[in-house]
Amino acid sequence: MSLLLWLAGAIGFPLASRPLLLVPPEPSTLSVFAAASLTEAFGDLGRRFEQSHPGVAVRFNFAGSQQLALQIEQGAPADVFASADQRWMDYATDKSLVEGEARVFAWNRLMLIVPRTNPARIGSLKDVARRGTKVVIAAEAVPVGKYTREVIAKLAGAEGFPADYDQRVLGNVVSQEENVKSVVSKVQLGEADAGFVYQSDMTRSVSRYVRSFDIPDEYNAIARYPIAVVKRSKNAESARAFIDLVLSDQGQTILQRHGFLSLQEKKPAVSQP
C-alpha cells in the first residue's frame with residue numbers, strides 16, 4: 001500500500017474526496033541589465049510588466065552601460081540588455097552577446113546641473129570654465145561621459161565661449177564617475193559645483209536639490225538607447241515580451257513621463273554620430 005493510500009485511510013475519508021493542496025509554481029525571473037539613467041523609467045515598466053505577466057518577477061541591474069556589457073561578456077546571467085549608447089550595444093553585438101538586431105527605444109539629451117545653493121555662483125554654461133570651479137563628469141567609457149566631451153568640444157569657440165573652453169572645463173574636473181547617477185549624487189550633495197547629466201535625471205526628488213541649465217540643441221549631444229535580448233537568456237520569451245512593452249505606446253508614454261524623448265517624437269535634429 002502506498003503511503004498516500006495509507007494516510008487517506010488513516011484519517012477516515014476516501015482518497016477521491018481529499019482536498020488537493022496545489023503548490024503554485026515558482027515565479028520565473030527576468031533579469032534586465034539597463035543603463036543607470038533608466039532606473040526610474042524601467043522601474044515603472046518592470047511593475048507594469050509583472051502586472052500583465054503573472055508568474056514573472058523582473059529583476060534589474062542598473063549600472064554604466066560599459067559595466068553591464070562587460071558583466072554579460074563575463075557570464076553574468078542576463079535576459080535583456082538596454083544601453084545608453086550604440087557603442088556598447090555594438091560591442092555586445094560584435095562579441096555575439098545579444099541576438100538579432102538591437103532596437104532603439106528612446107533618446108535623451110544632456111544638461112548642466114549645479115547644487116540648489118550654487119556656491120560657485122554659476123549662471124550659465126560659460127561659468128563652468130572659470131578657474132577653481134569643481135566639475136564632476138562621467139568617465140569617457142561611460143556613455144554620458146562620452147556625450148559630455150562631445151558637448152564641451154562643440155561649445156569651444158562657439159559665440160561667447162573661449163576657444164579653449166573644453167580644455168578649461170576638463171581642467172576643472174575633480175572626479176570622473178562610473179555612471180550618471182554618481183554624477184548627480186556628487187552635485188546633489190554639494191561635493192561638486194557642477195556636473196553634466198541627462199535631462200531624464202532631473203527627477204522630482206533631484207530637482208529639489210539642484211538647478212539645471214539647458215544646452216542649446218546645436219551644441220547638445222543626443223543619446224541613443226538600444227535594447228536587445230541577451231543570447232544566453234534562459235527566459236527569451238519573456239525578454240522579447242518586455243522589449244515589446246518598452247516599444248509599445250504604453251512604454252513610450254512612461255519613458256516620456258520620465259524625461260526621455262520617445263520614438264513617437266520627431267527624431268532629434270542632433271544625433272549620435
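**Figure 1. Overview of the protein.** The protein has 10 helices and 9 strands. These elements are DSSP runs, numbered from the N terminus: helices are H or I with at least four residues, strands E with at least two. The model is predicted, so local features need pLDDT of at least 70 and side-chain atom pairs pLDDT 80 or more, while totals for chains, interfaces and linings use all residues. Residues are numbered from 1 along each chain as its sequence is written, and side-chain values use heavy atoms, without hydrogens or water. Of the 273 residues, 49% count as buried (under 20% relative accessible area, 1.4 Å probe, protein chains only).

**Figure 2. Helix 2 crosses helix 9.**

**Figure 3. Residues between helix 2 and helix 9.** F42, L45, G46, R48 and F49 of helix 2 meet S238, A241, F242, L245 and V246 of helix 9. Contact means heavy atoms within 4.5 Å. By class, this contact has 7 nonpolar, 2 polar and 1 charged residues (Ala, Val, Leu, Ile, Met, Phe, Trp, Tyr, Cys and Pro are nonpolar; Asp, Glu, Lys and Arg charged; the others, Gly among them, polar).

**Figure 4. The surroundings of S37.** S37 sits in the loop between strand 1 (28–35) and helix 2. S37 is buried, with a relative accessible area of 3%. Beyond four places away in sequence, S37 touches residues including A84, V180, K181 and F260.

Methods
Buried means under 20% relative accessible area, exposed over 50%, partly exposed in between (1.4 Å probe, protein chains only).
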